[in-house]
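Please study the sequence and the model before reading on.

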Amino acid sequence: MTETAASPSGPRGSQDPSITYRNPVAAHPITSTAIALLLLVTIGGTLIVPIYARITPKIGDFPFFYFYLLAYMPAVGVALWLVSLLQRRLEPPTAGSSDDSVREAAR
Amino acid sequence: MSNVNSVTFTIVVILFVLVTFIGFAASRWRRADNMLHLNEWGLAGRGFGTFITWFLLGGDLYTAYTFIAVPALVFGSGSIGFYAVSYTIMVFPIAYIFLPRLWSVSRVHNYVTPGDFIRGRYGSRGLALSMALTGILALMPYIALQLVGIQAVLSVMGVGTSSTNTYVKDLPLFIAFVVLAVYTYVSGLRAPAAISFVKDTLIYVFVLVAIFYIPTRLGGWGHIFGTAQAHYAAINPTTGKPNGTFIPTSKSIGATQFDFATLALGSALALFVYPHTITGTLASKRRSVVKRNMSLLPAYSLLLALIALFGYMAVADPVTAANVKKAGNAQLAVPYLFQHMFPSWFTGIAFAGIIIGALVPAAIMAIAAANLFTRNIFKEFFKPDASPALETRMSQWASLVVKFGALLFAIELPHTFSINLQLLGGVWILQVFPMLVGGLFTRWFHRWALLAGWLAGMAYGTIAAYNVKNATASHWASSSDIVFGHTIYIGFTAVIINAVIAVVLTLVFRAVKAPEGADETLPHQYTADPDKTPAPVPAGVGLGAD
């Protein structure tokens with residue numbers, strides 16, 4: 001198994017990930033906050049029902065409640081895509097090679 | 001079989017035969033050198049990219065239950081049924097937080113089931129057993145419900161003999177299920193993955209056509225919403241209460257905003273701890289595939305929102321509403337709506353979509369339950385030295401047993417009962433959330449405290465659900481009850497009790513220095529993105545080999 005090298009009894013080189021591993025959240029406070037906020041707002045926007053539990057204003061023939069829920073879906077997709085972009089900035093330099101778009105293109 | 005529409009029937013049969021062919025052919029798809037390994041049969045080689053994973057997870061999440069039961073709930077009660085829309089919105093940001101971590105650690109250690117992870121993380125066979133039992137228990141009625149969905153479509157089609165013997169009457173269902181069981185046995189996860197392409201194409205086509213076409217027949221959206229609003233406000237003569245709610249109310253009891261929110265949040269937390277969704281996740285090849293899918297899967301949620309609206313269309317169409325009332329089964333709302341609105345050939349496509357949409361998740365669920373049994377019960381307690389080939393054979397047989405168990409479930413038990421058991425399944429599976437998701441972020445919780453919390457949550461959830469009664473049922477009437485004067489989802493209350501007990505007892509066990517168990521995982525493994533699975537002979541991997 002590959003991870004035996006990282007077990008406490010194993011030898012530890014400078015490339016040993018258990019030593020070089022640094023919590024990426026601590027390393028990038030602003031990006032991390034942005035990610036956390038984006039996720040929280042996305043969840044809260046549908047969890048806090050009083051925001052949208054009403055009939056008016058109607059959008060076309062759709063009562064607000066139903067329009068809101070439908071319109072939310074594409075918004076979630078975009079929000080999570082933004083989060084994944086922001087998360088790339090969190091990746092530690094050693095994990096730079098794991099940028100999958102590069103790897104997938106290389107295949 | 002007197003009133004069967006031959007066009008509809010023929011199209012359903014043709015599509016079913018096509019899917020069966022794909023199911024068997026799938027065993028040759030992405031074929032590996034050594035197929036007798038759970039990574040192959042149970043996870044299809046762990047090599048699916050973004051595109052296939054999207055179809056596979058979509059097939060996992062949106063089941064016959066979604067197509068039949070959500071519109072049925074909307075039809076019967078109104079806006080509260082839209083909790084399912086809110087739930088499928090928030091499930092993706094929530095899953096985004098923990099699912100990539102589960103993928104990474106499972107890839108590094110070659111974990112096949114969530115039970116394997118629990119075993120490795122807490123060094124506790126008992127805790128892994130609780131995960132496996134909960135998973136199997138929660139999946140059985142879920143599979144049974146797929147069958148109930150198929151039955152709903154078949155009964156509207158008029159298929160089925162008039163015999164009074166249930167086994168003869170449900171012969172078509174029986175045949176469909178045997179075929180499914182056999183190709184799952186042969187092809188493993190490859191079968192539902194390949195079939196989900198056909199399934200989702202059918203579903204996207206019929207839902208989009210229906211959503212644009214049916215309103216033109218019913219006088220537009222304004223008329224549909226208007227009729228629904230009036231219908232739910234009207235007083236039902238038998239109960240003396242309104243038929244339902246058009247917008248969740250701000251009162252504290254009934255179809256309230258609070259109930260809506262806790263149902264949505266509870267279901268969202270539960271969805272990605274269900275073993276079958278984890279199976280779909282672990283089959284993907286990269287961490288980024290999991291993340292990318294979280295932003296692509298909301299396309300399915302949009303579909304779900306549209307499907308929920310079918311419930312209102314059924315209310316607005318007098319013929320459908322009368323048919324459903326005559327049958328006394330709200331689950332027939334969507335099949336009757338389609339049958340009345342569409343030409344028979346298109347009804348055939350839609351019905352085939354719903355039937356295949358039930359078979360795909362049933363296969364994935366059976367595989368997930370079988371893997372849990374093999375890895376965390378059979379291998380752990382009966383045959384620790386089981387070879388990968390034996391594990392695979394065991395899983396294949398277990399998948400058959402699970403399927404026929406579910407078939408008996410569906411045929412023997414009254415349908416209202418099995419639906420409520422499914423609700424109970426949601427309550428149950430939510431109880432592994434603290435140990436599974438908690439364990440992905442911290443090792444602070446003590447394994448015995450988690451076990452105690454799990455027990456308490458399971459007991460509370462089961463008893464509370466048993467005690468819910470309404471006008472027509474004395475037990476298991478709903479998945480919500482009233483706590484401190486507010487209507488709330490039972491699973492939500494139960495998991496809070498569960499978590500509080502886990503926290504308090506962890507403090508106690510740490511104070512008395514109870515043995516914590518070994519942890520074979522390391523912090524960086526939760527964010528790792530290994531290209532390949534570890535060597536394919538992991539006899540002891542994930543089972544404390546270190």
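This is a predicted model: local features need pLDDT of at least 70, side-chain atom pairs count only at pLDDT 80 or more; totals for chains, interfaces and linings use all residues.

Q: How many nonpolar, polar and charged residues does the contact of α16(B) with α17(B) have?
A: Ala, Val, Leu, Ile, Met, Phe, Trp, Tyr, Cys and Pro count as nonpolar, Asp, Glu, Lys and Arg as charged, and the others, Gly among them, as polar. By these classes, the contact of α16(B) with α17(B) has five nonpolar, three polar and no charged residues.

Q: At what angle do helix α16 and helix α17 of chain B pack?
A: Helices (H or I, at least four residues) and strands (E, at least two) are DSSP runs, numbered from the N terminus. Axes are lines fitted to C-alpha atoms, for helices over the stretch in contact, and angles run from 0 to 180 degrees between N-to-C directions. Helix α16 of chain B covers residues 318-327 and helix α17 of chain B residues 333-341. Their axes lie 9 Å apart, and the packing angle is about 140°.

Q: Is Ser187(B) buried or exposed?
A: A residue is buried if 20 or more other C-beta atoms lie within 10 Å of its own, exposed if 12 or fewer, and partly exposed in between, with C-beta atoms placed from the backbone. Ser187(B) belongs to helix α9 (residues 171-187) of chain B. Because 25 other C-beta atoms lie within 10 Å, Ser187(B) is buried.

Q: Which residues is Ser187(B) in contact with, leaving aside its neighbours within four places in sequence?
A: The neighbours of Ser187(B) within four places in sequence are left aside here. The contacts of Ser187(B) are then Gly23(B), Phe24(B), Ala26(B) and Ser27(B).

Q: Which element gives the largest share of the side of chain A that touches chain B?
A: The contact takes 35 residues from chain A and 44 residues from chain B. On the side of chain A, the elements giving two or more residues are α1 (17-20), α3 (29-47) and α4 (64-88). The largest share, eleven residues, comes from α4(A).

Conventions: Residues are numbered from 1 along each chain as its sequence is written. Chains are lettered from A and ligands numbered from 1 in the order in which they are written. Two residues are in contact if their C-beta atoms, placed from the backbone, lie within 7 Å.
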